[in-house]
Amino acid sequence: MRRRRFLTGALGAAAAATTAGAASGCGNLHSSDPDVLTFMFRGSTEERDVFARAVDVFIRRTGIQVNLISTSVDQYATKLQTAILGNSTPDLFYLEPTRTMAYVTNGVLADLSQYVDETDLPVDDIWQAGLDLYRFDGESIGTGPLYAMPKDVGPFSFGYNKTLFEEMDVEPPDPDEPLSWDEFLDRCKALTGDRDGDGTTDSWGNSVNITAELHSYVWSNGADWVDEDARTVTVDTPEFAEALQYVVDLREKHKVTPSINESEGLDGYQRWLRGQIGFFPVAPWDLTLYRTLDFDFDLCPYPTGRTGTSATNVGSLGIGVSANSRRPDRAAELAMFLSCDPEAQEIIVGQGQTIPNTRTRAKEWVKDTSIEPQNKQEYVDIVEDYGHFVPTSRTYTPEWLDTFFTNIQPVLEGRQDVGEYLKATQPVMQGFLDQGYDQLRIDQEANS
């Protein structure tokens with residue numbers, strides 16, 4: 001019952017799979033044939049096709065047969081959860097780093113360390129931060145055995161609409177030196193206006209997705225969600241309050257982001273696609289679409305608060321191997337192949353699905369200015385220098401952070417005081433964080 005409780009609760013935030021290739025449906029996803037691997041993964045139709053092409057190379061090179069089970073993102077968590085509960089876990093599957101601790105503790109993942117030690121593939125060239133997301137020593141993330149290969153690292157970069165800057169005669173941001181919050185606000189004010197003269201605003205400096213972008217403002221202002229040990233929630237600090245207030249004021253006080261009414265018909269993302277937003281996140285997984293837009297864009301550092309240093313979050317997906325796989329050696333070989341084999345990376349990166357997963361290839365990739373963005377170095381700087389992984393990757397369950405955003409809308413609309421909200425929310429978040437660690441101990445005892 002303890003294991004079932006973990007799976008039905010903790011898997012709710014995990015991510016996805018569908019059928020491409022030989023396998024289909026929601027039946028037994030664990031191959032009965034030890035010579036055939038099952039690989040469950042997710043993504044857009046285009047992304048799934050790209051990874052299927054990479055797997056085809058692996059099949060031709062090794063002779064190992066692979067059945068692909070791929071789904072859309074919104075279906076994946078449920079199908080994977082069902083497979084794990086039914087003891088039919090695929091040989092390989094995508095997992096989010098927030099699941100590493102729970103999957104290891106509950107015996108879902110195989111230890112890949114020995115296979116990494118024996119391979120000729122350039123695993124040592126993979127971004128170290130990406131590898132460390134999937135190491136767990138029983139107490140903390142970042143050390144100990146390796147339980148998954150990073151499929152990617154996704155630096156959540158900031159970008160700007162070069163065409164809109166030129167049209168509004170606004171100085172573009174420096175590709176290397178970040179704007180201060182005051183300088184950023186000045187740029188946003190200059191980009192906000194009525195371009196067609198019909199009396200209504202039709203361009204804005206920025207549009208903030210609070211759940212994705214608040215991290216940047218918090219970290220660059222010297223605040224954080226939890227302490228260094230990820231045991232104490234730290235949102236009730238002046239630095240955190242200042243960061244949240246700054247984001248609220250962008251819309252409610254300074255009017256440089258679309259209002260609530262203006263966002264009802266078209267949200268910030270849709271307005272960015274239409275060329276109406278000056279600054280907006282440009283994540284690697286959006287590049288294929290962004291390159292088809294009717295305006296030019298590029299990357300720049302995130303604006304900075306008190307620290308004077310940019311900050312943003314880095315995402316990732318891992319490729320794990322089932323602890324029940326009949327051929328964990330072959331499954332590990334495929335996971336490592338997709339993560340760092342040069343030919344596989346050529347296919348995956350070449351189609352704009354991610355930045356290179358290895359440092360060597362990244363050095364060459366950033367030199368290519370033939371396709372947008374030209375300032376690809378910004379992605380590398382985030383991974384190597386100023387990027388942070390979302391703190392739920394270091395805790396057993398993610399509910400404590402989810403709770404922060406559950407009732408935040410009145411704050412964003414200026415109807416609730418920022419400081420009061422943070423003071424009231426901190427103990428609630430702390431309660432969920434403590435429950436997560438209690439559950440970790442329960443699961444460790446149950447599986448020892």
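# Chatting through a predicted model

Me: How do helix α8 and helix α10 sit relative to each other, and at what angle do they cross?
Reply: This is a predicted model. In it, the axes of helix α8 (residues 181–191) and helix α10 (residues 238–252) come within 12 Å, crossing at roughly 10°.

Me: Ok, so is that roughly parallel or roughly antiparallel?
Reply: Roughly parallel, because angles under 35 degrees count that way. That describes α8 and α10.

Me: Which residues meet there?
Reply: From α8 you have Trp181, Phe184 and Leu185. They meet Glu242, Ala243, Tyr246 and Leu250 in α10.

Me: What about Cys188, where's the nearest cysteine sulfur?
Reply: The nearest one belongs to Cys300, and it is 10 Å away. Because a disulfide needs the two sulfur atoms within 2.5 Å, Cys188 is in no disulfide.

Me: Let's do sheets. What's the strand order in the open sheet of four strands?
Reply: The order is β8-β9-β7-β10, and the pairing is mixed.

Me: Which strands stand at the edges?
Reply: β8 (204–206) and β10 (297–300) do. Each has a single partner strand, so one side of each has no neighbour in the sheet.

Me: And how much twist is there on average?
Reply: From one strand to the next, the twist averages 30°.

Me: Back to β8. How many bridges join it to β9, and do the two run parallel or antiparallel?
Reply: Two bridges join β8 to strand β9 (residues 277–282), and the strands run parallel. As for a partner in β9, Trp204 is bridged with Ile277.

Me: Give me one. What does Arg61 pair with?
Reply: Arg61 forms a salt bridge with Glu343, and their closest N and O atoms are 2.7 Å apart. Arg61 is in helix α2 (residues 45–62) and Glu343 is in helix α15 (residues 342–350), so this pair ties together parts that are 282 residues apart in sequence.

Me: How accessible are those two?
Reply: Both ends count as partly exposed: Arg61 at 44% relative accessibility and Glu343 at 38%.

Me: What does Glu346 in α15 pair up with?
Reply: Glu346 forms a salt bridge with Arg361, with the closest N and O atoms 3.1 Å apart. Arg361 lies in helix α16 (residues 359–365) and Glu346 in helix α15, so the parts tied together here are 15 residues apart in sequence. Arg361 is partly exposed at 24% relative accessibility, and Glu346 is partly exposed too, with a relative accessible area of 45%.

Me: What about Arg415, which residue is its partner?
Reply: Glu413 is a salt-bridge partner of Arg415, and the closest N and O atoms are 2.8 Å apart. Arg415 has a relative accessible area of 57% and is exposed.

Me: Last one: which residues do salt bridges that share partners join into one network?
Reply: Glu47, Lys151 and Asp152 are joined into one network that way.

How values were computed. Residues numbered from 1 in each chain as written. Predicted model: local features only at pLDDT ≥ 70, side-chain atom pairs only at ≥ 80, totals over all residues. Heavy atoms only, no water. Salt bridge = Lys/Arg side-chain N within 4 Å of Asp/Glu carboxyl O. Buried < 20%, exposed > 50% of the residue type's maximum accessible area, 1.4 Å probe, protein only. Pairing = 2+ DSSP bridges. Axes fitted to C-alpha atoms, helices over the stretch in contact; angles between N-to-C directions. Parallel < 35°, antiparallel > 145°, perpendicular 65-115°, else oblique. Contact = heavy atoms within 4.5 Å.
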